[in-house]
Amino acid sequence: MIAYIIRRLLGMIPMLFAITVFVFLMMHLAPGNAIEAMINPRIKDIAALKQQLEIQNGLNLPLPLQYWHWLINVLHGNFGWSFGQHEEVTQLLGPAMYNTLILAVLSEILILLIGIPVGILQARSPYGKFDYTVSTASFVLFSVPYYVFAIFLIYLFAIHWHVFPAQNSVGTGPLAGTFVDHIWHAMLPAISIALTNNTVYSRYTRGSMLDVARQDYVRTARAKGIPERVVYSKHVFRNARIPIVTQLGFDLGGLLGGAVIIEGLFSYQGMGYLTITAVSQRDYPVIMATTLIFAVCVLLGNLVADILTAVVDPRVRYN
Amino acid sequence: MADVVDKVEPVVSVRDLRTYFIHKAEEVRAVDGIDLDVYRGQIVCIVGESGSGKSMTALSLMRLVPKPRGKIVSGKIMFHGVDIMQLSEAEMTKLRGNEISMIFQEPMTALNPVLTIGDQIAEVLVHHRRVGKRETTAKAVEMLQFVGVPRAEQVLREYPHQLSGGMRQRVMIAMAMICEPKVLIADEPTTALDVTIQTQVLQLMRKMRDDFGTSIILITHDLGVVADMADQVIVMYAGQVVESANADALFEEPLHPYTIALLKSVPTIDQETEVLYYIPGSVPDATEFPTGCRFADRCPLAMASCFETAPEVREVRPGHLVRCHLVD
Amino acid sequence: MAEVLLEVEGLKKYFPIQSGLLRRTVGHVKAVDDVSFQLNYGETLGIVGESGCGKSTTGRMLMRVMEPTAGRIVFDGQDLTKLRGKQLKAVRRNFQMVFQDPYASLNPRMSIQDIISEPLVVNGIVTAKQSEPIVVQLLETVGLRARDRFRYPHEFSGGQRQRIGIARALSLHPKLIVADEAVSALDVSIQAQILNLMVSLKSEFNLSYIFISHNLAVVKHISDRIAVMYLGHIVELATKDEFYNHPLHPYSEALLSSVLTPSRKVRRERIILTGDVPNPANPPRGCPFHTRCPKVMQECRVTRPVLRDIRAGHSIACHLHA
Ligand SMILES: Nc1ncnc2c1ncn2[C@@H]1O[C@H](COP(=O)(O)OP(=O)(O)OP(=O)(O)O)[C@@H](O)[C@H]1O
Ligand SMILES: Nc1ncnc2c1ncn2[C@@H]1O[C@H](COP(=O)(O)OP(=O)(O)O)[C@@H](O)[C@H]1O
Ligand code: SF4
Ligand code: SF4
Ligand SMILES: [Mg+2]
Ligand SMILES: [Mg+2]
């Protein structure tokens, strides 16, 4: 297992390298020059200042060399200076990653607590009343864009009932900045993410459970005189969870990279929010950093997915 | 072998069992009026081509017909004088794996891939006998050794994919026999196995019968297996019993044209034939059986009456039942 | 003297087993290990043996759909292992394969017409239009009706599908057909129909067969010679009469004794082998059969016996008959 993880991590290196090249080139070729975005257009001698700034930032060097410098810096955890927010990019990344981590984990917990159990219950009596109701509801939920929910949730929970805050990731008052406060602020965005995902996960769980319920070994379990409840919780579920766990791993990677739209809607200061802000300011160093981190999260998510799969599936484990 | 058989009162007695698959207007009559008696220590073979209703008969006996379409629409299934059709689901659960066990054709798919062999054997004991963990393990090891699994202790910790087909079928047998059931239903237990392994497994089943007095309902499409194992034979065609007799009588003098044709079309290693005998056509569709004899369109001896009226089962000699107009 | 159609020499197929941090090859599954035999024009060679002994792998290499690790396959005087591209395509039409699973081997979305004419069209022999009369004739040859060509595989029973598979294999007038468990999935009554068909086609089209099966009775019915494989090796190779009347290899004896006959009178003395076939990734030293052989001797554990002629038309690999 450990050898497997190490092998997978080593296998990620070429991929990561390719991603850094891609991110670097993409930003370099993007329309509008970062320097221009920094300069106050009313300054007289723009050309001279531009040149000076370019030299200062190493932008006059040959491309491969620029890349090399950038890469070395990145490897030292130095993503440069945010032109937009006038701070070290690294300083911005810390809290953003923390907030996104809370949001991602909270969303996954909600999925685990709601989406999967609902799917299991649906599969216990397929085409029954509960299954039918949930399927219909899921279909409706799924066809509505999720920002519509977000707005609806804000109205209901924040404006109407005042249970959860609608904005920001930290509040004011005595609890400000504590863990509880963070969770509190992550609640609505997490519910928004989980709502849409739950429809997907419950359907997925239902499908997987029904698939497994048809397998020969489930019939064997019944023939052994195992009570129906145990047949489902043990024989069916332990097999049905394999593809779900894999999917959870993948999704965790995506969520850790930041949920751009939801974070934007709730002004939740995570990675997604940081990205939007940076994009609107053409703040290239920040964009490069968040893009890179997003890619790394997705790769790590894949790895987590594979490890989780191996944990729940002995056939993979012993290979 | 016959001295093990105790013919006083049947352990299992089935009368007019009908199991249909009903979906919308369509009705698949998988099992269409089966009678069956199994005595203590007897090996009853049910033989027939694929689709003749062998597996559904077996699953009906366990009341495990695939839901929601499959349904036992009528019939009596007596087990030790109790009609199991009247039992609640909870009572039935207590019977399965404990008094009546079943093993299946595909040892590759019949074991749960994510649970250890030990876990899968132990849970049978856990649910039917209230025994401690240590005792369970000891019993599981003993059973695995009995069915001839080497390194039994190690195998308990292994997963199905780590075992060969023959080993898995032994594990299935160990699992089915651990509560010492009165009846073992084996649905094509050796069809997926190699001949040398088939020999081992059949030998093991015979030993089960001899040592425990277990009655065995052995389902197969292989007449060679029937000749080797059976005390009593039931030949099925299109959901019905067409012939039922003591094994010696059946092989000595088969009476139903289908049985005769089936026996003739098997190539054997003892005789030389240029052209194999074969039965033309194929089994009728179970959704629309003909009104007359179900074998009529393939039967070399069919008469006009065969296409009009369906033959009834008749006791031609003591214990030898045949469904054919020729013996009327 | 009969003419040799196919000559196989030292055929091997090793599948690498990879493991460890760098996925290095740590060993090999020796699926086929040094197999040699000849097949004459118009002859049927039956290959028997237990699951995993390398029957299908041998068949696939002969069909050139799998690259051998080593060995020569001389077909009609040409070494197939040396041919590539166009040349290979040109000889390929001379050998065809029929598979076990009549359900999986036909594309469910293609009509019977398309399935049977595919080899003809792909090889540029006729256009799809011109193929119609040929397909009709082939269908009639295998006992189906001309109008069946408009139907799709799911509308046919297992036996009928196997007929379709045979019609497809015949379309290019091959000289050799490799049938891999072609009747194993069929009911006895249907199996007999297909076996009869294959026998009659053989003389009609002057075919040679390699008939792979685990069923010794079926193989006896159709074959002229028998090859018994065990763990990738041929352990006995003999004419049908020799093999069924005087099997010499202890494994063949055990196999034959395990065959069940639908009769209460014929009761063979059964040789019950202990244990399973060893893992081909880790075959035993010496004779591959020594772990289960009832007649094992000291020598068997050390040196592997080679296949050699015992008498005309009968060779075995066993130290008992050295
Ligand atoms: N593509 C492959 N990669 C690795 N191993 C393989 C591959 N194909 C076959 N093998 C192995 O090679 C051996 C021979 O396989 P083969 O399919 O030829 O057996 P067979 O004699 O046809 O068996 P069966 O009767 O089950 O069809 C087996 O151990 C099998 O697991
Ligand atoms: N799940 C199912 N749904 C509908 N029909 C079925 C199902 N299972 C079996 N059948 C039908 O029931 C009949 C008997 O099947 P089965 O008992 O499995 O035959 P056997 O075991 O003799 O091969 C066949 O016609 C088959 O098509
Ligand atoms: S009733 Fe008629 S058709 Fe049916 S088996 Fe007897 S002779 Fe044949
Ligand atoms: S060589 Fe030895 S072990 Fe191998 S088959 Fe002959 S007697 Fe048995
Ligand atoms: Mg069946
Ligand atoms: Mg094969």
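**Note on the ligand sites and chains of a predicted model**

1. The shell around ligand 1 divides into four nonpolar, five polar and three charged residues. Here Ala, Val, Leu, Ile, Met, Phe, Trp, Tyr, Cys and Pro count as nonpolar, Asp, Glu, Lys and Arg as charged, and the others, Gly among them, as polar. The residues around this ligand are Phe15(C), Ala31(C), Glu50(C), Ser51(C), Gly52(C), Cys53(C), Gly54(C), Lys55(C), Ser56(C), Thr57(C), Glu181(C) and Pro280(C) (near: a heavy atom of the residue lies within 4 Å of the molecule or strand).

2. The model is predicted, with local features needing pLDDT of at least 70, side-chain atom pairs counting only at pLDDT 80 or more, and totals for chains, interfaces and linings using all residues; side-chain values use heavy atoms, with hydrogens and water left out. Residues are numbered from 1 along each chain as its sequence is written, while chains are lettered from A and ligands numbered from 1 in the order in which they are written.

3. One lies 2.4 Å from an N or O atom in the side chain of Thr57(C). An oxygen of ligand 1 is also 2.7 Å from a side-chain N or O atom of Lys55(C), and an oxygen is 2.7 Å from a polar backbone atom of Gly52(C). The ligand taken alone exposes 640 Å², of which the protein buries 63% (Shrake-Rupley areas with a 1.4 Å probe; for residues, only the protein chains shown count as cover).

4. Helix H1 of chain C, residues 55-62, supplies the largest share of the ligand 1 shell, namely three residues (helices are DSSP runs of H or I with at least four residues, strands runs of E with at least two, numbered from the N terminus). This helix is mostly covered, with six of its eight residues buried (buried is under 20% relative accessible area, exposed over 50%, partly exposed in between; 1.4 Å probe, protein chains only). The buried residues in H1(C) are Lys55(C), Thr57(C), Thr58(C), Gly59(C), Met61(C) and Leu62(C). After H1(C) comes Arg64(C), which has a positive phi near 60 degrees.

5. Which residues surround ligand 2? They are Phe21(B), Val28(B), Ala30(B), Glu49(B), Ser50(B), Gly51(B), Ser52(B), Gly53(B), Lys54(B), Ser55(B), Met56(B) and Ala286(B). By class this shell has five nonpolar, five polar and two charged residues. Oxygen atoms of ligand 2 are placed 2.8 Å from a polar backbone atom of Lys54(B), 3.0 Å from one of Gly53(B) and 3.3 Å from one of Ser52(B). Taken alone, ligand 2 exposes 560 Å², and the protein buries 66% of that. In chain B, E2 and helix H1 (54-61) are the elements that give two or more residues to the shell; H1(B) gives the most, with three residues.

6. Strand E2 of chain B, residues 26-38, also holds Asp32(B). Asp32(B) counts as buried at 3% relative accessibility. The side chain of Asp32(B) makes polar contacts with the side chain of Tyr20(B) at 2.7 Å and with that of Arg18(B) at 2.8 Å. A polar contact is a pair of N or O atoms within 3.5 Å; within protein, one must be able to donate a hydrogen and the other to accept it, and residues adjacent in sequence count only if both atoms are side-chain atoms.

7. Around ligand 4 lie His249(C), Pro250(C), Cys287(C), Phe289(C), His290(C), Cys293(C), Lys295(C), Cys300(C), Pro305(C), Cys318(C), His319(C) and Leu320(C). The class count for this shell is eight nonpolar, three polar and one charged residues.

8. Over all chains the structure holds zero disulfides (pairs of cysteine sulfur atoms within 2.5 Å). In chain B, Cys45(B) is buried with a relative accessible area of 0%, and Cys306(B) counts as buried at 8%.

9. Chain C contains nine helices and twelve strands. Its radius of gyration is 21 Å, close to the 20 Å that the globule rule gives for 322 residues, so chain C is as compact as a globular protein of that length (taken over C-alpha atoms; the rule is 2.2 Å times the number of residues to the power 0.38). The C-alpha trace of chain C spans about 65 × 60 × 45 Å along its principal axes, and 55% of the 322 residues count as buried.

10. Chain A has 14 helices and two strands. Along the principal axes, the C-alpha atoms of chain A fill a box of roughly 85 × 55 × 35 Å. Of the 319 residues of chain A, 42% count as buried.
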